[in-house]
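I opened this notebook to keep track of what I looked up, one topic at a time. The entries follow the order in which I went through them.

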Amino acid sequence: MTEKWQELFRRAAEGALARVDDALKTHGYLRQLAERVREARLEVLNNLDYYIEATKKAVESIGGRAYLADTAEDAREIVGKIVGRGKVVVFGKSNTALEVGLREYLAEMGNEVWETDLGEFIVQIGDDRPSNMIAPALHLSRGDVAKLFRERLGLDVGDDPSKLAAAAGDFLRAKFAKADVGITGANAIAADTGAVVNVENEGNIRKATVMPPVHIVVAGVEKIVPTLVDAVSQAIVQAAYHGLFPPTYLEVSAGPSSTGDIELVRVRPAQGPREFHLVLVDNGRRAAAKDPVMREALLCIRCVRCGFVCPVYRAVGREFGDPPYVGPVGVMWLAVTRGIEAAGPSAVKCAHAGNCREVCPMKINIPEIIHYIKSSYLSKKTK
Ligand code: SF4
């Protein structure tokens, strides 16, 4: 597993890093945009409670419902009540949904639940765990995926990635067509308008936000930024620093579907979802925001560029962290969401190479945060 991971990772990381460098050289505005996004994130971090309330009010003003879940359990209960039982639920990509165990919870309630991001879908049908926060099936080769499709779905299409992607697309299109609820995450949430922005390439998030009659967004409170312009900027920066620029799709979801086509009066719903719910998840984030060292982790936009240059993640993969939170960014997020005890065993593996800090678009001092987690964990152990 380790050698195979190292080879798959090496190829993926080399390609991604080269594409990031290329985008930054070609589009000079990306670095400035990243600086502006950092400023926007800092503004929210310094006034988090204010922006949470402003976001909730903004969502209500556009016909949606907004909730603040203090814990993972609260998030599951809130979403469970909205969804109910016996429904077909399609997930777009949401690491926060994975963080709170939403898929398993909804399935246990008696719902048919499908991940629709190709990587998450592969992980789901393999009863596996993700190895990367953006590319969850990074540990699997095309041959592995072909075998899974054959054995778990009865789809025998060979191991050409484009054929595998098309087969998954056909399979999932049928699920979208009958879905009652779409659940997505958010790259950013605009406090001034209540609009949620997602960036993607597959088109599955677009479908999950528009096709089912109910759209639920599950996202951490740190995704809030002051304005819609900040939110779009953040999504663009995230795509660029992940190595997928320009992104194929950029989506704004602001409340239930609407139209102004009759007498220019804006009414809701129209052809898309008739319900829009935003579930903001705290789960340790507000406490982290008050910690002088941990708070910087909340500036993270989850581009995972830090993971691509990390020698420990390169060597051991998802063992550095605990899925979905893996790699240097994952160790920080484990500490935020599950505490020092959960993150400590991974933090002690950190080699403190410092590469992560050099490449982080948000200029987060990741080694300092991991050192802090490590020393807090070890001092508790030796007491
Ligand atoms: S810590 Fe920085 S480099 Fe790593 S995922 Fe977050 S924003 Fe990207």
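**Aromatic residues.** I began with the aromatic side chains of this predicted model, and I noted that Trp5, Phe9, Phe308 and Tyr313 form one aromatic cluster. I then searched the whole structure for aromatic pairs and found ten of them.

I looked up where the two residues sit and found Trp114 in strand E3 (residues 112-115) and Phe171 in helix H9 (residues 161-178), so the pair ties together parts that are 57 residues apart in sequence. Phe171, with a relative accessibility of 22%, counts as partly exposed, since buried would require a value under 20%.

**A charge over a ring.** I next asked which residue lies over the face of Trp333. I found that Arg302 does, at 4.3 Å from the ring centre.

**Helices H15 and H18.** I turned to helix H15 (residues 327-338) and helix H18 (residues 366-381), whose axes come within 10 Å and cross at roughly 45°.

**Helices H2 and H11.** I made the corresponding entry for helix H2 (residues 29-46) and helix H11 (residues 228-242), where the axes come within 9 Å and cross at roughly 125°. H2 and H11 are therefore oblique to each other, and I noted their crossing as left-handed. In the contact between them, the residues of H2 include Leu30, Leu33, Ala34 and Val37, as well as Arg31 and Arg41, while those of H11 include Asp230, Ser233, Gln234, Ile236 and Tyr241.

**Ser253.** Is Ser253 buried or exposed? I looked this up and found a relative accessibility of 10%, so Ser253 counts as buried; the residue is found in strand E9 (residues 249-253). Leaving aside residues up to four places away in sequence, I found that Ser253 touches Gly194, Ala195, Val196, Thr209, His215 and Phe276.

**Lys163.** My last entry returns to helix H9, in which Lys163 lies. At 48% relative accessibility, Lys163 counts as partly exposed, because exposed would require a value over 50%. I also looked up how far Lys163 is from Ala231, and found that these two residues are 68 residues apart in sequence and 34 Å apart in space, taken from C-alpha to C-alpha.

Methods. Residues numbered from 1 in each chain as written. Predicted model: local features only at pLDDT ≥ 70, side-chain atom pairs only at ≥ 80, totals over all residues. Heavy atoms only, no water. Phe/Tyr/Trp six-rings, centres within 6.5 Å; stacked < 30°, edge-to-face > 60°. Helix = DSSP H or I, 4+ residues; strand = E, 2+ residues; numbered from the N terminus. Buried < 20%, exposed > 50% of the residue type's maximum accessible area, 1.4 Å probe, protein only. Lys NZ or Arg CZ within 6 Å of the ring centre and 35° of its normal. Axes fitted to C-alpha atoms, helices over the stretch in contact; angles between N-to-C directions. Contact = heavy atoms within 4.5 Å. Parallel < 35°, antiparallel > 145°, perpendicular 65-115°, else oblique. Left-handed = near helix turned anticlockwise from the far one by under 90°.
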